[in-house]
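Visitor: I would like to learn how to read the features of a model like this one. Could you walk me through them?

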Amino acid sequence: MPRLAGALILAATFAVIAAVAAVAGHGRDGQRGSGDLVWTEQPHVYRNAVLPNDRILRGVVRNDSVRVVTLTARDLNVRTGDGGELESAAIFAPTFIRGVFPLNRADGIPENEQLRIGLRVRLDPGKTAPVTVSWRERDKRASLVDYGTGSLPVPGPLKRRTNG
Amino acid sequence: MKTPTRLLTVLAALTLVSAIGAGSAYGHAERLSYYPNHKLGSVPKYKRSGPSLVVCKSDSRARIRKQLSGRAERRNLALLKRCDYRDIQAAVNAAENGTRILVLPGVYREEPSRRVAEPAEACSGDYQEYDAPGYQDSGKVRVPSFEYQRKCPNAQNLIAIIGDGPDADRRCDQKCNIQIEGTGTKPGQVLIDGSRQKLNVIRADRADGIHLRNFTVQFSDFNNIYVLETNGFRMENIVSRWSREYGFLSFTSDNGLYRKLTAYGSGDSGIYPGSGPEGHCKRYGIEVDRVNSYGNTIGWSGTAGNGIYTHDSKFHGNAAGITTDSFAAGHPGMPQDCSKWERNEIYSNNMNPFSEERDQYCFVKNRPIAERDPKVVCPAFNAPVGTGLLIAGGNRNIIRNNRIWNNWRAGVMQFWVPSSFRGTDPTGQSQNSGPAYDAQTDTSNGNRMLANVMGLTPRGKRAPNGVDFWWDEEGHENCWTRNRAGAGNAITSDPTTLPGCPGSSVHQEINPAKLAALAACATWDPQDDVLQDPPGCDWFTTPRKPR
């Protein structure tokens, strides 16, 4: 097959997949922001009883694009409605995990360990990953989780309290 | 947790695994390590006679005169006449199987060992490379092999007892049944000082029958005493202090005894019987007896801390008294199971090495690591401040007849760890398959907490824990029976009702709110201004003293 024709077919295929993905996302405003990732279902937001200004969001993201998405948890930022940045933390894990490497040495953590413990994630198209994002609210509420090439909405109402 | 949410969590965790590709090599991983055949070994007995070598320093005579009297003084002065070695390593090098190495009062800095460079050029070809245990196809690990330790024993270790020869049997051939003993009347009279120059102050590697006794060891850059792949070991009447990571550590070893040890000032844990014997509840392969562990980030910890019987010991004044878990990759014997804690005192574990002041002290941006005071504990890992005993992803453990009080967060905490989190085990010594593994439900099952006295000091004074028992509600056959508080007080727990023994065989699912709170704590990073106290995580805030 000529190279140009192959590229056109590939591009058309990607366009169809992207269109299907976009349609699939309609009607779930609480789950789709902008960019490649969507919440698979509305995430839950919790409040720690001991830390009344802190919030914890727990959800699962899916890569709705046709390309591999690689993210570093530390690059996720939580923003207010006017774009302000809140103190935040994120990890691609549904619960606590401890790494192998001591953290008092200022050595870098190898990439494979970062992937294991959720400091990084690599998502093939259509794949999902758990994510936990926490932040400190001051005067303004969190509106979205910004991951650089897109964002995910933070649901409005507070769901539950942790038992902290 | 409702089933759809649970399924999503499990699927997400599995997807996370499948999404991972190539990565880079490990930093501080150990070589692939294997359990010895426990039937071929035993805990060494104390030898009072037999061939011996004597080690002393130039001021040993003065120390003997000053510190000892009577029979002990006479014995040490007599030994002094036989002293042929100024360094313990020199005596180890000269020792044959079964030798007693008698170390007279003095400070042993082992200067010849310090002069050996690491990495050792002479052993530059003696590395082992294997698939990273994080996940399949996620890169290679390159670490010093056993040959590296055998040929260049003092590259990483101030004192190395390397037992195996060049054969492939992983069993001791030389330096077996060695006993290294301080000859003073107290451990403090013989001091072995690492000055943070070497990863390990003492390394016993395939050194079956090693017996270490009656001295003080300090200032390793990683482990003060490290016992690896050793069948039969005994550590008795030793003080370990201010190790950058671990005080006493054993790994893939069996037939062991930790007895009358004192451990304080460790950046990770005072004692660490990790990758413990795989007796699967039919036997205990390592005994921890009358240990006193305090002032560490964690008093006792063990990833895959299996088959350990810990009794009549004290764990106090740490951030967390005891933790055992199924978290970390590269630990044979996963998931953790079948340890027992009995008649221990676990109290006042509220020391906070994560305070703002300590955070700033340990922050590399403020102070290069070399300029840290080695007596200041800079935590190597995170732990929930104010916790007596934590089981994170353990199975079939017994916590019985302990006295647990004044831990301001929780007396005992238990939570689940998804199976996929522990990665792979390239040695094939972990249970990383089967329906429960696939369902991510093979941890946090069958733990029993029986007849513990909670919130009451030995003198009968009320000293409550924040909550006596905290459980994330995941698992099956976990149970709590006959635990008691002081007169007029009730056991406190979260959830408020706990199953009695034998517990329910129906697998219960986790409380998602608790799950969220735990996950937020995984983002801790002492070298990041915000993540020193990550939002949403209260583990690093000293809990309010309970009333």
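Guide: Gladly. Helices (H or I, at least four residues) and strands (E, at least two) are DSSP runs, numbered from the N terminus. This is a predicted model, in which local features need pLDDT of at least 70 and side-chain atom pairs count only at pLDDT 80 or more, while totals for chains, interfaces and linings use all residues. Residues are numbered from 1 along each chain as its sequence is written, and chains are lettered from A and ligands numbered from 1 in the order in which they are written.

Visitor: Which pattern does chain A follow along the sequence?

Guide: Chain A reads α-β-β-β-β-β-β-β-α-β-β-β-β-β, with two helices and 12 strands. A residue is buried if 20 or more other C-beta atoms lie within 10 Å of its own, exposed if 12 or fewer, and partly exposed in between, with C-beta atoms placed from the backbone. By that count, 48% of the 164 residues in chain A are buried.

Visitor: What is the order of the strands in the open sheet of chain A?

Guide: Two strands pair if DSSP finds at least two bridges between them. The open sheet in chain A has four strands in the order E6-E5-E10-E11, with antiparallel pairing. Strands E6 (85-86) and E11 (151-153) of chain A each have a single partner strand, so one side of each lacks a neighbour in the sheet. Three bridges link E10 (residues 142-146) of chain A to E11(A) in the antiparallel sense, and A:Asp146 has A:Ser151 as its bridge partner in E11(A).

Visitor: Turning to chain B, how many residues of strand E12 are buried?

Guide: Six of the six residues in E12 (residues 223-228) of chain B are buried. On one pairing, E10 (residues 200-205) of chain B runs parallel to E12(B) over five bridges, with B:Ile202 partnered by B:Ile225. E12(B) also pairs in the parallel sense with E14 (residues 246-251) of chain B, again over five bridges, and here B:Ile225 stands opposite B:Phe248.

Visitor: And which strand pairs with E14(B) over five bridges in the parallel sense?

Guide: E14(B) pairs in that way with E17(B), where the bridge partner of B:Ser250 is B:Pro273. E17 (residues 269-274) of chain B has six of its six residues buried. Two bridges then join E17(B) to the parallel strand E20 (residues 298-303) of chain B, and B:Ile271 stands opposite B:Trp300.

Visitor: Which residues have the most contacts inside the largest nonpolar core?

Guide: In soluble globular proteins, nonpolar side chains tend to be buried together. A nonpolar core is a set of buried Ala, Val, Leu, Ile, Met, Phe, Trp, Tyr and Cys residues joined through C-beta atoms within 7 Å. The largest one here has 151 residues, and B:Val55, B:Ile101 and B:Ile225 have the most contacts inside it. Helix H9 (residues 512-521) of chain B gives the most to this core, with eight residues.

Visitor: Last topic: at what angle do the axes of H2 and H3 of chain B cross?

Guide: Two packed helices are described by the angle between their axes and the distance between the axes. Axes are lines fitted to C-alpha atoms, for helices over the stretch in contact (two residues are in contact if their C-beta atoms, placed from the backbone, lie within 7 Å), and angles run from 0 to 180 degrees between N-to-C directions. The axes of H2 (residues 60-67) and H3 (residues 70-80) of chain B come within 9 Å and cross at roughly 170°. Angles under 35 degrees count as roughly parallel, over 145 as roughly antiparallel, 65 to 115 as roughly perpendicular and the rest as oblique, so H2(B) and H3(B) are roughly antiparallel to each other. The contact is made by B:Ser60, B:Arg61 and B:Ile64 of H2(B) with B:Glu73, B:Asn76, B:Leu77 and B:Leu80 of H3(B).
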